[in-house]
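This report goes through one protein model, part by part. Please look at the sequence and the structure before reading on.

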Amino acid sequence: MSDTQVLIPEIGMFVAQKLPYHSCRRCGRCCANKLIPLYEKDLERLGGFRGFYLPTSSLEREITGAAHKMKMLDSKCIFLDGTTCKVYDLRPDTCRRHPFIVTRKRILVSAACPGVDWSIESEDLAYYKSLSSGISEKLDRFIETRSKFSDRWTRP
Ligand code: SF4
Ligand code: SF4
């Protein structure tokens, strides 16, 4: 990781200059103790299930723009079985793009994901940007209003 990456402690993510490579190690860390915002598209995709979501708080809505979030049991996603996702093919966009959020203005990378390889640049910027569309505008606004580091952050 280069020293140009800046941590945003409020969301546990780095702002990166370039999108790093990622290879999932199936540790399940991103499925526990996490806010998983759910957008209309996610709720439609998971429409065959019941009782898996809760309303977001006003702060969570301010950050994500989502009215709902995934329900957690013992701090773990209700669909997590060991380290396996029981709805992998139907999982929310938040899970598909993890550990990245590519907003309109920034590349954000999870500080906790062990599958990130900072030594290689990924070519999937457009893919992650498209999966981040639900959260993009709200999160950019939240970052700009809350963080003292915003002047050091860059555009993808
Ligand atoms: S935290 Fe990273 S490596 Fe672990 S399961 Fe999630 S995406 Fe994969
Ligand atoms: S839906 Fe699947 S991938 Fe997403 S948090 Fe739950 S268990 Fe993890």
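Which residue of β6 does leucine 38 stand opposite? Leucine 38 faces histidine 68. The model is a predicted one.

**The sheet**

β4 and β6, which spans residues 68-70, pair in the antiparallel sense over two bridges. They belong to an open sheet of three strands in the order β4-β6-β5, and its pairing is antiparallel. The edge strands, each pairing on one side only, are β4 (37-38) and β5 (53-55). In general, the strands of a sheet pair through backbone hydrogen bonds.

**Two nonpolar cores**

The largest nonpolar core holds 19 residues, and Phe100, Ile101, Ile107, Leu108 and Val109 have the most contacts inside it. Two or more residues each come from β2 (13-16), β11 (100-102), β12 (107-110), α4 (125-131) and α5 (133-146). β2 gives the largest share, four residues. Another core, of ten residues, lies apart from this one and includes Cys31, Ile36, Met70 and Phe79.

**The ligands**

Cys31, Ile36, Met70 and Phe79 are also among the residues around ligand 2. Others around ligand 2 include Cys77, Cys85, Arg91 and Cys95. By class, this shell has ten nonpolar residues, no polar ones and one charged. Around ligand 1 are residues including Cys24, Cys27, Cys30, His98, Pro99 and Cys113. The shell around ligand 1 divides into six nonpolar, three polar and three charged residues.

**Backbone details**

Most residues other than glycine have a negative phi, and most peptide bonds are trans.

Histidine 98 and proline 99 are joined by a cis peptide bond, with omega about 15°. Proline 99 sits in the loop between α3 (93-97) and β11.

| Residue | Phi | Loop between |
|---|---|---|
| Aspartate 74 | about 50° | β7 (72-73) and β8 (76-77) |

Is asparagine 33 buried or exposed? Asparagine 33 counts as exposed because it has 12 C-beta neighbours inside 10 Å, and the cut-off for exposed is 12 or fewer. Aspartate 74 has 6 C-beta neighbours inside 10 Å, so it also counts as exposed.

Notes:
Residues are numbered from 1 along each chain as its sequence is written. Chains are lettered from A and ligands numbered from 1 in the order in which they are written. This is a predicted model: local features need pLDDT of at least 70, side-chain atom pairs count only at pLDDT 80 or more; totals for chains, interfaces and linings use all residues. A residue is near a molecule or strand if its C-beta atom, placed from the backbone, lies within 6 Å of it. Ala, Val, Leu, Ile, Met, Phe, Trp, Tyr, Cys and Pro count as nonpolar, Asp, Glu, Lys and Arg as charged, and the others, Gly among them, as polar. Two strands pair if DSSP finds at least two bridges between them. A nonpolar core is a set of buried Ala, Val, Leu, Ile, Met, Phe, Trp, Tyr and Cys residues joined through C-beta atoms within 7 Å. A residue is buried if 20 or more other C-beta atoms lie within 10 Å of its own, exposed if 12 or fewer, and partly exposed in between; C-beta atoms are placed from the backbone.
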